[in-house]
Amino acid sequence: MVMASTVKVVLGSIAFGIFWVLAVFPSVPFLPIGRTAGSLLGAMLMVLFSVITPDQAYGAIDLPILGLLFATMVVSVYLERADMFKYLGKLLSWKSKGAKDLICRVCVISAISSAFITNDTVCVVLTEFVLKIARQHNLPPHPFLVALASSANIGSAATPIGNPQNLVIAVQSKIPFVDFLFGVLPAMLVGIVVNALFLICMYWRVLSAQKDEENATGEVVGDEDVVSHQFSPATLSHHSSINSQEGNSRLETVNMQSSPNMNGPVAYVDATLRNRASSVENEIHWVSSSGFESGRNSNASKEGINDGFSPKKEETAPSKRIVSMDTLTDALPTQSSEGKENVTTKWKMMLWKFCVYLATIGMLLAMLMRLNMSWTAITAALALVVLDFRDARPCLEKVSYSLLVFFCGMFITVDGFNKTGIPTSFWDMMEPYSRITHVSGIAVLAVVILVLSNLASNVPTVLLLGGKIAASAAAISSAHEKKAWLILAWVSTVAGNLSLLGSAANLIVCEQARSAPHLGYNLSFWNHLKFGVPSTLIVAAIGLTLIR
């Protein structure tokens, strides 16, 4: 592509530069409007400066990517309501055997879950769990927070739905889900192992110098701490799931009232009735004896002080017994019916959770069967809405529409910058040295992607260079084209571990850790960089040898 006119190049560069500054530094002092408004501003400037026409701007918006992104967010909201993230949090501390075992669990769980739920969502919901478990074991949270963010990034590289840049690559390359998965999976698995070993080696002293738990704070993370997560996975905010809380409170009531030696609804009702009957007998016995004592005391008071109070006491005792017996008799069927309702609610909640998990697994299986990923995800999301059988507005409000708007603005801005000819000229200069038929070419290509992903962010890098890298590889063979897309997916994702600003997952962990109530921890830029640079280079290099 020939370079555009000088005026278009200058104006397009200014528009893209404004977008880049606000995307990387959303709270700059001279224009603190945030990423979403920054992307719209960049898009508007591209049209205003006549770099692209309004029709070209609308055409630049990729609807399949937006549909897939929207649907995955809806599915993640319903998975949160179905308590899946609470179970993941419990897995972190279940039968833990020390600090090194715990850091390996964080790596494995965050990586596997990120591959199917997106890395940003996993970081949102697991950060507070990791902080609480580190507090329980009296360990410094820094290694575990780094493990969470880095492993979530590495794990998300394995599937098209693991992160936003993979969504873009999957839609543009049309690589089937199963081919994408098996093409990157070996690199992901080895990368997780290498990352965990690197974490253990780097923080060996910190993890080995675990204080005696008997001398620790003595606090144990209870169920209410570990399972009462309030974050919305899509909006990254503290919205509460009202329906989920109501269901959980009902389940807690059932569990508290159930007899530990009985199972099933019949045993529960039987135990409840027996308990109520024994309480009725005790109450009758207490009222009767109190009436007898009242009568005897009244006779004694008659003999001592004739003040007129004794007859009232003797009349009150029998009436008390009658009223108490009638009240308890009426309450017995009411309380047993409440027990039946609680059991019914419990089973309904369990059935609904099973349907949510089944719909999610069905979505993944359909993608593995090479069905259209966008429409498959949208179908699964709508199935969950219908299965919920209630107003979907509370769940749909948790979707991050600002992220969808950000993507719309970014599509237009990047398309305008591409029309200036600058990215094409840059790739024309690098292409002779970046051919994936040679090891040196793969290394140069990886360095280019790594640097641009940290300078311009990974999604814009994919949008800017993805088509050009694939076209260059397609000139060799279709297999090389597929490999080029997968290399782009792997390196642009792992590049996010280089610095704290390299990916949204890192920033989410940093912000959630800093703002966690009573557990606040500041993950600094330089502390992350000490781990990020060597880990990213080693993991990316090893993974490149396994991409197929």
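In which loop is the place of Phe389? Select Phe389 and you land in the loop between α16 (373–388) and α17 (393–396). Phe389 has a positive phi of about 55° although it is not a glycine. Phe389 is also exposed, with a relative accessible area of 77%; exposed means over 50%, buried under 20% and partly exposed in between, with a 1.4 Å probe and protein chains only.

Before moving on, some ground rules. This is a predicted model, where local features need pLDDT of at least 70 and side-chain atom pairs count only at pLDDT 80 or more, while totals for chains, interfaces and linings use all residues. Residues are numbered from 1 along each chain as its sequence is written, and side-chain values use heavy atoms, leaving out hydrogens and water.

**Zoom out**

Colour the whole protein chain by secondary structure. You'll find 24 helices and zero strands; these are DSSP runs numbered from the N terminus (helices are H or I, at least four residues; strands are E, at least two). Of the 548 residues, 49% count as buried. Now show the surface: the chain exposes about 26,100 Å², and carbon and sulfur atoms supply 65% of that. These areas come from the Shrake-Rupley method with a 1.4 Å probe, and for residues only the protein chains shown count as cover.

**Another positive phi**

Next, select Asp83, in the loop between α4 (63–81) and α5 (84–93). Asp83 has a positive phi of about 70°, although it is not a glycine. Is Asp83 buried or exposed? At 4% relative accessibility, Asp83 counts as buried.

**Rings in a group**

Select Phe16, Phe19, Phe406, Phe407, Phe411 and Phe417 together: they form one aromatic cluster. The structure holds seven aromatic pairs. One of them joins Phe16 and Phe19, tilted, at 5.8 Å centre to centre and 50° between the planes. Rings of Phe, Tyr and Trp (its six-membered ring) pair if their centres lie within 6.5 Å; planes under 30 degrees apart count as stacked, over 60 as edge-to-face and the rest as tilted.

Why are Phe16 and Phe19 separated by about one helical turn? Because they are three residues apart in helix α1 (residues 6–24). An α-helix has 3.6 residues a turn, so residues three or four places apart point the same way. Phe16 is buried at 10% relative accessible area, and Phe19 is buried at 2%.

Stay in helix α1 and pick Val10. At 44% relative accessibility, Val10 counts as partly exposed.

**A charge over a ring**

Now show Lys100 and Trp204. Lys100 lies over the face of Trp204, at 4.4 Å from the ring centre. To count, NZ of Lys or CZ of Arg must be within 6 Å of the ring centre and within 35 degrees of the ring normal.

**Last stop: a kinked helix**

Select α24 (residues 525–544). There is a kink of about 30° at Gly532, shortly before the proline Pro534; the bend is the angle between axes fitted to the seven residues ending there and the seven starting there. Among the buried residues of α24 are His528, Phe531, Gly532 and Leu544. Show the helices that the buried residues of α24 pack against, including α8 (142–156) and α10 (177–202).

Technical notes
The expected span of a helix is 1.5 Å times one less than its number of residues. Contact means heavy atoms within 4.5 Å.
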